[in-house]
Structures are given as C-alpha cells and as structure tokens.
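Colleague: I have a model open and would like to learn how its descriptions are reached. Could you take me through a few of them?
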Amino acid sequence: MEPHETHYVRNGDVALAYQVFGGGPLDLVFLPAFVNNIEIAWESPHYARFLQRLASFSRLIFMDRRGTGLSDRLSPSDLPPLEVLMDDLLVVLDAVGAERPALFGYSDAGCLCALFAATFPDRVSALALYAVAASGAASDDYPWQWGEDEWDAYLRELAEGWGTRSYAERIVPVFHPALKGDEQHVTWWARFMRQAASPNSAEALERLWHEIDVRPILPLIQAPTLVLHRSDDRVEAVEAGRDVADRIAGARFVELPGGDDAPWTATQDDVLDEVEHFLTGRRHAPDVDRVLATVLFTDIVGSTERAAQLGDRRWSELLSAHHEQVRGELERFRGREIDATGDGFLATFDGPARAVRCAQAIAGSIRGLGIEVRAGVHTGEVELIDDGVRGLAVHIGARVGALAGPSEVLVSSTVRDLVAGSGLRFADAGEHQLKGVPDTWRLYRVAD
C-alpha cells in the first residue's frame with residue numbers, strides 16, 4: 001500500500017516527520033514503540049490495515065520520534081529525555097491544528113503518552129494504552145519486569161543482530177507470535193529495523209527505556225483511559241498492564257487473548273474494536289467484513305474472434321479445458337475462486353507472491369491449449385459479501401488485468417513492493433490512468 005504524504009515540522013533544529021490522514025470526526029495520535037518508520041510501515045499489509053482502520057473513524061496523526069525513521073537521526077549519546085519527546089509531540093499537534101486529540105501508544109510510547117496526558121491535561125481528550133509497563137526495571141514491588149540478566153542478554157543480542165534476517169527470525173515469534181512462520185513478515189521486519197534506527201541507536205533507545213519509571217505520574221492522569229494487554233505477552237507481562245490500570249483513576253482494563261506485543265499484527269481486530277468503541281461509543285460494523293487480500297483477474301485474449309473461428313461446440317470444449325487448467329493452478333497456489341464468467345476468472349489470495357506465481361503458471365499452462373490469457377494482480381482492502389468480494393481494490397485489479405498483453409502478468413506498485421525478497425522480477429510498465437479509479441497508477445510487468 002502506498003504511504004500517505006510525509007510532512008516535516010521543526011522543534012528548534014530537529015526536523016520531525018509525520019503523516020496526517022483519515023476523515024473521522026476526532027483527532028487521534030498513534031505512537032508506536034521505540035523505533036519506527038512512517039513510510040516503511042505501509043509496506044506491511046498488517047500495519048497498513050491497522051492504520052487504515054484507525055483512520056476510518058479518526059483523523060490519524062502518525063509520527064516518527066526524533067532519532068528514528070524519517071525524523072532527524074541522533075547519535076546514541078544525544079538521545080532525548082521524555083520531556084523533549086513531549087515537546088516534539090506538542091509541536092506536531094500544533095502544526096496540524098490538533099487542539100485536544102486522543103492518544104494511543106504502545107510499549108514505551110505508552111509511557112510517553114501517559115506523561116503527556118498528565119502534563120498537558122487540557123490537550124488530551126482520551127488515552128489508550130497497549131502492552132505498557134510503567135517501569136523498565138524489576139524491583140521488589142515490580143517483580144514482573146525483566147531482571148538485569150534478561151536485559152543484558154536482550155541488549156547484547158539486539159546489538160549483534162539488529163536489522164538482520166536471522167535476528168528477525170528469532171524475535172518475531174516472541175514479539176509477533178501470530179506471524180510466526182510468515183516469511184514475508186520476517187523479511188519486512190528486518191528491513192523495517194534497518195530503516196527505523198541504526199544498531200547503536202536502537203540499543204541506546206532500549207537502554208533509555210530500561211531506566212524509565214512513570215509510576216509516580218499515573219495517578220495524575222485525568223483523561224478517560226483504556227488499558228489493553230494480551231494475556232500471553234512474553235515481552236511485557238500482563239501484570240504490568242493491570243498495574244498501569246490500577247494506578248490511573250477510572251481506567252478500564254481489558255485483557256485480550258494471545259501474545260502479540262504490537263497491536264497491529266495479525267490479531268489486531270480485537271484491539272481495534274476496543275479502541276474504536278472507547279473513542280466513539282460504537283463498535284465496528286459487523287455486517288461487512290473488510291480484509292486485506294490480493295486479487296487476480298485473468299481472461300482469454302481475443303476470445304470473441306477465436307470463438308467465431310472454432311464454432312460453439314469446439315469453443316465450449318476449449319473453455320472447459322481452460323477452466324480446468326485455471327482451477328488446478330488456483331488449488332496449487334491456494335487461491336480462492338470468486339467468479340468465473342465467460343472466459344475470465346476472479347480469485348483472491350492471502351499472499352501477493354502466490355498470486356503472481358499462480359498467474360504465471362496459468363499463463364504458461366494455457367498456452368498449451370493454443371490460446372493465451374492476460375492477468376492483473378493487485379493487493380488492497382476488500383469487503384467480503386456472501387461468497388464474493390467488492391471494493392476499490394477489486395476494480396483496480398480488473399483495470400490492471402485489462403491492460404496486460406497476451407501471456408503477460410501486470411501488477412500494481414503495491415504488489416511489487418510487498419513481494420520484496422520473493423525472487424520475483426519486474427519491469428516498469430509505466431504510469432496509467434485506470435478507468436473509474438482516482439489518481440495515476442504505476443504498473444509493473446512480471447518477468448519470466
């Protein structure tokens with residue numbers, strides 16, 4: 001998914017990167033954990049879906065803290081204290097005209113949001129916290145936090161492996177267990193780390209978090225507060241979430257199943273439902289299920305002329321053989337047939353690389369029948385209606401497929417970006433105006 005436009009505002013000499021999107025009635029700031037990159041985040045289908053869902057009921061403000069992502073990078077010795085990060089947030093809020101937004105933070109960003117809410121009560125309408133621990137160090141009255149040996153082992157491994165695929169393979173099952181074994185996510189997470197912070201900065205930021213203790217300020221928070229925590233979180237124990245809620249007057253604590261330490265992974269829907277209900281008083285509409293999916297469109301090139309040449313009986317036999325071949329490839333690549341009308345197919349996949357490879361396989365096998373197909377692939381949010389799908393992503397996929405040539409597979413830039421590391425190769429097919437679809441779209445031709 002293409003990221004939204006990135007803007008900059010300065011706090012003194014430091015440039016801060018942020019994005020603003022969504023048309024909901026309330027302002028909402030989402031602050032992620034200690035490192036981030038507001039553009040690379042959109043390359044993850046899970047993260048992108050999470051942000052879009054938040055923006056469906058808010059004007060969402062999404063920023064990189066100083067020292068990470070697209071904001072000015074700092075040396076590890078220049079890392080800012082929490083009060084400087086609060087000033088940065090205030091500068092961004094003033095730049096976008098957010099007078100009294102709600103704040104949603106997770107992990108150490110939750111501590112920053114809590115401190116901001118206590119310090120500037122007239123600038124915060126509500127506070128949502130996920131997987132937050134009020135202190136980074138274990139003590140007699142805080143036994144569920146990591147001890148020094150655990151911190152030393154974690155920081156040593158982080159310093160040695162940050163940004164590498166092998167490190168991503170080790171930590172994804174701990175931080176994002178719902179995505180364990182998802183090769184595409186592991187590849188993206190390694191890239192995300194590299195683009196979010198250098199190894200030294202990441203280690204220094206975590207050491208800074210290790211020294212934080214916001215327990216004294218939690219009773220000062222006046223904003224309505226929701227605290228969410230997963231029961232099997234291996235990074236921050238659920239007792240830490242209960243402790244945070246106990247220290248904030250009137251806070252509502254919700255314990256969720258699972259172990260994901262980030263709110264935007266594959267188990268995000270229960271988090272989003274709770275946050276939306278807390279901020280708007282409404283539950284997400286259950287009648288339409290919106291999911292991220294990859295759509296594949298195929299159709300036979302020159303089918304009208306070929307049908308006239310062969311006659312009805314022979315053309316019907318050829319169509320039957322075509323359908324059998326296509327369905328065989330869909331089954332092989334775990335595609336779901338949505339529609340087969342005339343000489344074309346619409347199918348959905350839960351992974352873009354499989355959709356592209358299925359399209360290639362279909363084009364290759366169909367040539368053996370003496371005909372050729374064209375194919376288009378796009379990834380986006382679709383609505384599941386009965387046994388079908390609908391939405392802008394479906395229209396885009398159809399328009400992309402219509403522009404393909406014989407035995408050619410065309411994909412949107414979204415697909416090209418999401419399959420990085422898959423071994424698939426692409427050639428630039430230029431920018432196109434897709435009929436009935438806003439903006440100009442850059443397409444790519446899949447190489448054999």
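Colleague: Which way does α11 cross α12, right-handed or left-handed?

Modeller: In this predicted model, α11 passes α12 in a right-handed crossing.

Colleague: And what makes α11 and α12 roughly antiparallel?

Modeller: Look at the angle. The axes of α11 (residues 312-332) and α12 cross at roughly 150° and come within 9 Å. Angles over 145 degrees count as roughly antiparallel, and therefore α11 and α12 are given that description.

Colleague: Which residues of α11 and α12 meet?

Modeller: From α11 there are His 322, Gln 325, Val 326, Glu 329, Leu 330 and Arg 332. On the α12 side they meet Cys 358, Ala 361, Ile 362, Ser 365 and Ile 366.

Colleague: Let's stay with Ser 365. Why is Ser 365 called buried?

Modeller: Its relative accessible area is 19%. Buried means under 20%, so Ser 365 counts as buried. Ser 365 sits in helix α12, which spans residues 352-367. Leaving aside neighbours within four places in sequence, Ser 365 is in contact with Gln 325 and Glu 329.

Colleague: What lies 3.2 Å from a polar atom of the side chain of Ser 365?

Modeller: That is the backbone oxygen of Ile 362.

Colleague: Now another pair. Why is α2 called roughly perpendicular to α3?

Modeller: Helix α2 (residues 82-96) and α3 pack at an angle of about 75°, with axes 10 Å apart. Since 65 to 115 degrees counts as roughly perpendicular, α2 is roughly perpendicular to α3. Their contact involves Leu 82, Leu 85, Met 86, Leu 89, Leu 90 and Leu 93 of α2, together with Leu 112, Leu 115, Phe 116 and Thr 119 of α3.

Colleague: How many residues does the largest nonpolar core have?

Modeller: It has 109 residues, and Phe 30 and Phe 104 have the most contacts inside it. Helix α3 (residues 108-119) gives the largest share of this core, nine residues. There is also a second, separate core of 32 residues, which includes Ile 366, Ile 371, Val 419 and Leu 424.

Terms used
Residues numbered from 1 in each chain as written. Predicted model: local features only at pLDDT ≥ 70, side-chain atom pairs only at ≥ 80, totals over all residues. Heavy atoms only, no water. Helix = DSSP H or I, 4+ residues; strand = E, 2+ residues; numbered from the N terminus. Buried < 20%, exposed > 50% of the residue type's maximum accessible area, 1.4 Å probe, protein only. Polar contact = N/O pair within 3.5 Å; in protein donor to acceptor, adjacent residues only side chain to side chain. Contact = heavy atoms within 4.5 Å. Core = buried A, V, L, I, M, F, W, Y, C linked by side-chain atoms within 4.5 Å. Axes fitted to C-alpha atoms, helices over the stretch in contact; angles between N-to-C directions. Parallel < 35°, antiparallel > 145°, perpendicular 65-115°, else oblique. Left-handed = near helix turned anticlockwise from the far one by under 90°.
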